[in-house]
Amino acid sequence: MAAALRHSLLSAFAALLIVTSSIVQILPARASDASPALQEATGQLVTKDYAQVSQAIDQLASEGSDRAKLILESLLERKVFYIKKDKQLVLAEKVEREYKIRDALTDEELGIVKKRKLKKVPVNNKLRREIRAVLATMDLKNPDADARLAAVNQMLDRPDAASAELLEGMLEEEPDSRVAEAMGIVIALGKLTSGDQQQREEAVELLDGNTHPAVRNGLNALLQQSDDATLKADIERALNNIDAKLQIYSVLENIFFGLSLGSVLVLAAIGLAITFGVMGVINMAHGELIMIGAYTTYVIQLLMPNHIGVSVIVAIPAAFIVSGLVGIVIERGVIRYLYGRPLETLLATFGISLILQQTVRSIFSPLNRSVETPSWMSGVWEINSALSLTLNRLYIIIFCLLVFAALFMILKKTALGLQVRAVSQNRAMARAMGVRSERVDALTFGLGSGIAGVAGVALSQLTNVGPNLGQAYIIDSFMVVVFGGVGNLWGTLVSGMTLGVANKFLEPWAGAVLAKILVLIFIILFIQKKPRGLFPQKGRAAEG
Amino acid sequence: MDSYKTKLKLTAAGVMAALTLSSASIAQAEETIKVGILHSLSGTMAISETTLKDTMLMLIEEQNKKGGVLGKKLEAVVVDPASNWPLFAEKARELLSKHEVAAIFGNWTSVSRKSVLPVVEELNGLLFYPVQYEAEESSKNVFYTGAAPNQQAIPAVDYLMNEIGVKRWVLAGTDYVYPRTTNKILEAYLKAKGVPEKDIMINYTPFGHSDWQSIVSDIKKFGSAGKKTAVVSTINGDANVPFYKELGNQGISAEDIPVVAFSVGEEELSGIDTKPLVGHLAAWNYFMSVDADENEEFIEAWHKFIKDKKRVTNDPMEAHYIGFNMWVKAVEKAGTTDSDAVQEAIIGVAVPNLTGGFSAMMPNHHITKPVLIGEIQDDGQFDVVWETSGLVAGDAWSDFLPGSKDIISDWRAPLSCGNYNVKTFKCSGQNYE
């Protein structure tokens, strides 16, 4: 009995073993006999011809399995290759200078090979667009609302009756209001192209005042085709409403652009407002102090390559200290011997600026250095489809105001600020009161230089970090300080913002070159009339 | 003050004497052929031109390893025109009359070439110019190894029009001669292809423009009219970074509005955070990523010479490679370095280029090249997505400008003219005798 039981148990165990091993055998085999459509599509991908790849993309899309989706996604990331010898389609991951490959259909690991053994399946912009579009349609049923929204937005770029019909079925069940709204627009746009008068009118009604570019294009197209007078009037009214809205948004956008340009100007100039405005030193090396700040950002990023997001924050105090120290060295080493001789100061600091530029060229090479923009600073804040504000500019406006506020507080509320103001108003009297004017000079110059360095951190996020960075801003900086009124921080703020906004309003109709010229002419005329700028200093200090 | 001046004079004289002595001693040691290198090593253009100086030094060193030319060693004479256009002319004169160089390889900007032009024509020198330019020029003494507009701009536009289906065009450039002329040619070309005026937007910005907000926002609006839009960019070097950054920030990807650039190469990309640029295009006659044996050898030699494995190669370097080899071959063919003999011998000379083919010097002093379109990758390299089926010969006088469409250039006898009008049968313009 026991023996029989043992026997049956054994045989059951053996049977189980056979089953599992056959499953193990079957598994990869099943993956490789992927649907014939998938095999055909991947076969098509072994080519150099874009048109053939495009066909394969359509086939993969209609096949629709997870594997097909994976291949499409890999195509998008340029990871699909084929082996030159046996035309096997593989997915490749770059490992240093070689590629780790696995079969595109079975996922079987095929080891690491040299680049020249492989040929990349060609994908260009046009194909990537196609892939994104088909992936998006696959995403329409994605549980994630953002993915669905992206999918619908893809359709919005190319609205047609077919996609409208598809969405109409799904609209009922859509829980997310944003997605539903986008779907509504696609459906309405689809209706615009339909032949039915009633539907068209409904659609125009619905789209009235919507600022999405696709809406405007759709309505315009209908206006060309339509021959019904009432419908035409409706469309025109809708278009007028849209245009009026766009007008307002475009003015708002221009103001934003102007303020952001203005804040860059203020940041660049505010350090100068201290050295030139308060101390009266014409510092031609100011631009290079900005440049040093930008290079400090670059070095900080080199030191912490895995924390790009934080590096920019760390760079702010670092740049302040580095540029500030360089400033103090310049002041102690050169400028203090030249107080009261503006021409010599100008020449000496100009020389210093050349020295600093060439030093940077020698240390970092004349090539520009790449400073990465952290991810939290890139992208847009999309208020609606007609108005979106770029995040980096928004941060820089805020940053500019913070720097201004900090500087203002230092000058008004601290002992150093008091001494700075005292020395700048009446040096002899201040000394008589026991202020160590030399130390105050050095610290003031260091403060102005440090702020220039901080401006460099902001500029590194907008423009090239190269030896010529400073030269591009020195003229603008002087312009802002002189226009605002020498020795007045508020003047600098107001004048920077004014010039920025004026520039941006002139630019659309005069062009960038002429706009700049017009602004310069305006300043020349203004200075003729009011030589002391917008906010002249009054009283005894003004004579000093 | 006086004593200071005398001191200065004395030092100067001393330095000069030392210089003459040293060069004399070299000359005594061995008779050499001198090659002038006229590239800025300081100032704003140093960023691009220093590399070309190094390329020339490498090519000369390699040629000397092979035994030089005509049994003589080559000797490089390097001068620094310091990104100062008039100084280019002075330095060219110095190279030709003082050092008596057999040929000059140099210049980057068109304005510097224009400044050198009268000097090389007066002294009958040879100048090899390696950078893409606006053409509308053909001098007896200059060999243009960079691309003319029909070897870069026009094929790029064809690619966008036929392969990508672009219908609306933004021509954006920096405000100076190369973009203005190129855009004039492109505008005429687009109109000839039936693109209506309202679908072309032309925009110029100052050098080093850094605030691109309004322009990018305009491009975005221009591109949202329902037709496929592309930007053809002749924006000069430095201004490109903020431009691409702003495109990225305003959410314009290469798939929405591709930008094809004529001044952005591997060298420029090495100083840029390439993330926002991926997928945008550039048109050149050479990319470092081209799969060819000559190219691999060249890159290897370059890395060995410059002692830095990270340095990239670019299109103007290839132009110098071609130009230098053409000159060597022409000198050997002529059996002398005499300027007139070389000018005659070099026409029709073909040498391997770095893309696996041959480039030949045409009678108009321009060369034949393939045209490649590359997409920018995240590693700062280009992925070639399209190339012309054959070689394209450089056209000195554009067929799309009303002023120059009847003009041809042919430096062979009996025409021997760089500016010949086929309607009026008159030869005019530079170097007209």
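## The sheet of chain B

In chain B, five strands form an open sheet in the order S2-S1-S3-S4-S5, with parallel pairing; strands are DSSP E runs of at least two residues, numbered from the N terminus like the helices, which are H or I runs of at least four residues, and two strands pair if DSSP finds at least two bridges between them. The edge positions belong to strand S2 (73-79) and strand S5 (142-144) of chain B, each of which pairs on one side only. On average, neighbouring strands of this sheet are turned by 25° against each other, direction ignored; axes are lines fitted to C-alpha atoms, for helices over the stretch in contact, and angles run from 0 to 180 degrees between N-to-C directions.

Helix H3 (residues 85-98) of chain B packs on the sheet and touches S1, S2 and strand S3 (103-106) of chain B. Its direction makes about 180° with that of S1(B). Strand S1 (residues 32-38) of chain B pairs with S2(B) in the parallel sense over seven bridges, and B:Leu38 has B:Val79 in S2(B) as its bridge partner.

## Basis of the model

The model is predicted: local features need pLDDT of at least 70 and side-chain atom pairs count only at pLDDT 80 or more, whereas totals for chains, interfaces and linings use all residues. Residues are numbered from 1 along each chain as its sequence is written, and chains are lettered from A and ligands numbered from 1 in the order in which they are written.

## Domains of chain A

Chain A is assigned domain 1 (31-126), domain 2 (140-226) and domain 3 (249-369 + 390-543), with bounds from an automatic or database domain assignment. Taken over C-alpha atoms, the centres of domain 1 and domain 3 of chain A are 54 Å apart.

## Helix crossing in chain A

The axes of helix H11 (229-278) and helix H15 (391-413) of chain A come within 9 Å and cross at roughly 40°. This crossing of H11(A) and H15(A) is left-handed, that is, the near helix is turned anticlockwise from the far one by less than a right angle.

Residues of H11(A) including A:Leu259, A:Val264 and A:Ile270 meet residues of H15(A) including A:Ile396, A:Cys400 and A:Leu407; contact requires C-beta atoms, placed from the backbone, within 7 Å. The residues of this contact divide into 11 nonpolar, two polar and one charged, where Ala, Val, Leu, Ile, Met, Phe, Trp, Tyr, Cys and Pro count as nonpolar, Asp, Glu, Lys and Arg as charged, and the others, Gly among them, as polar.

## Contact between the chains

Chain A and chain B each bring 39 residues to their contact. H20(A) gives the most to the side of chain A that touches chain B, with seven residues. By class, this side has 13 nonpolar, 15 polar and 11 charged residues.

Notes. Contact = placed C-beta atoms within 7 Å.
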